Amino acid sequence: MIYFDSAATTFQKPAAVRDAMARAMATMSSPGRGNYPAAQTAAETAFECRSELAELFHAESPEQVVFTSNATHGLNIAIKTLVKPGSHVVISGYEHNAVTRPLSAIPNVRVTVAASPLFRQEEALSAFERAISPDVDTVICNHVSNVFGCVLPLEGIAALCASRGVPLIVDASQSAGVLPIDLLALQAAFIVMPGHKGLYGPQGTGVLLCNHSVTPLMEGGTGSLSVQQEMPDFLPDRLEAGTHNMPGIAGLLEGVRFVRSRSPEVICQHERELAQAAAVAMRHIPGIRVFAEPDLRNQVGVLSFLVANQDVEAVGEALANGGIAVRAGFHCAPLAHQTAGTLQSGTVRLSFSAFNSKQEISRFLQLLRTI
Amino acid sequence: MEYYLIIARSITYAQRMSRVLERIGIRAQIFRAPVGLTDRGCSYALRLRTEHLASALRALHEAGLNPIQVFLFQQGDYHELEPR
């Protein structure tokens, strides 16, 4: 199988990830639960993982790194901390349902969409500038669209939020491990990411970087302050009720080490080259519409396209039958399709990882020409 | 045998303390603190040799990592040190 669905989950992982998970199953219980080796090894692994993540994303302390079960989990914590009934929230035009559904679930939230055309960073920044009025309580912005791969001007949006005193939640689901992310410089309240995409960890892992006081989504045992009934007021314990996913965390640690050893910049360059090669060739195929910039300056290795007179799911199925895994439909982001004008059709999406090659692009193009 | 116990608010905090001490050449084992020492329920502690206390506390203070409590283990019993 040729796998081009890494914006959903990177399927090919470094071998060290699998090995670490198997080792964790054999040697680790849960951090902080005892003075015996299985608990101590788990504690050491969890701390190593927090420390690596803190260094990669410039968090001041490993305690700001909270393990979640995925990005949706982290977004729910961040959103339900900052957004209350009646709040006014500004979001980008490219948000995922992981942002818009939690907002819809909170009564009487007023949402202003700072919509901007694909790949136009200056227009995106202007849209946020206009939308962040004095009564705005929170801004939520994804760094990269999961549908189109377009990069939003995060530094500018963060500076705007800082200057107007509005807390910012960043959805880094598509950018973590690919683009530089600096919690200290951005001064975002929360940055949220999955472990199973660009960080090459296993499914069931996610990370919430906290730079703001936070309300737990879930209460329970933490192995600390056990005689009191309130959740601890310190991180990460405040947000990590229950037994940790140690095989997941051990795998995530190796995934993060893989990313740091190659560097996000090198991985991003590789994925961009693949996307560019695919986009250039696809433009020469009659009936194909590709959503890409000529130089992919404001785009990463995520590429949507349409085939004239073909349902996107039919295209996805034809590619799957030919051994190529892609994602078709709305990608859980109807707002992004509304913004880009593809809400009626959806798109077919290619998304690449460090493990894809130009030979795989050639094979894909061959197959696409026959559809 | 005499030693000091530094109580930390969480295992992650204790691990941060341990890393700071490692950097100045002090090895301090992390373990769950005896239940009778705190009224907070489960806590974590670092065990220090007596000659390391002053330099350890200085390094932790400089790193912004402050212990909740410090105890001296002496003649089979724990004695809490007055906060300084």
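In this predicted model, chain A splits into two domains: domain 1 covers 2–11 + 263–369, and domain 2 covers 15–262. So domain 1 is written as two stretches of chain A, while domain 2 is given as one, going by the domain assignment. Taken over C-alpha atoms, the centres of domain 1 and domain 2 of chain A sit 26 Å apart. Where the two meet, domain 1 of chain A puts in 30 residues, and domain 2 of chain A puts in 30 residues as well.

Which parts of domain 1 of chain A supply at least two residues each to the side that touches domain 2? Two helices and two strands of chain A do this: helix H9 (264–282), strand E10 (302–307), helix H11 (334–340) and strand E13 (347–351). Sorted by class, this side of domain 1 of chain A has 15 nonpolar, 12 polar and 3 charged residues.

Chain A also meets chain B, with 20 residues of chain A in contact with 14 residues of chain B. On the chain A side, that works out as 9 nonpolar, 8 polar and 3 charged residues.

Within chain B, there is a helix pair to look at. Two packed helices are described by the angle between their axes and the distance between the axes. Helix H1 (residues 11–23) and helix H2 (residues 53–62) of chain B pack at about 115°, and their axes are 10 Å apart. The crossing of H1(B) past H2(B) is right-handed. From H1(B), the contact uses B:Met17, B:Val20 and B:Leu21, and these meet B:Ala56, B:Ala59 and B:Leu60 of H2(B). What classes of residue make up this contact? It has 6 nonpolar residues, with no polar and no charged ones.

How values were computed
Residues numbered from 1 in each chain as written. Chains lettered and ligands numbered in written order. Predicted model: local features only at pLDDT ≥ 70, side-chain atom pairs only at ≥ 80, totals over all residues. Contact = placed C-beta atoms within 7 Å. Nonpolar A, V, L, I, M, F, W, Y, C, P; charged D, E, K, R; others polar. Helix = DSSP H or I, 4+ residues; strand = E, 2+ residues; numbered from the N terminus. Axes fitted to C-alpha atoms, helices over the stretch in contact; angles between N-to-C directions. Left-handed = near helix turned anticlockwise from the far one by under 90°.
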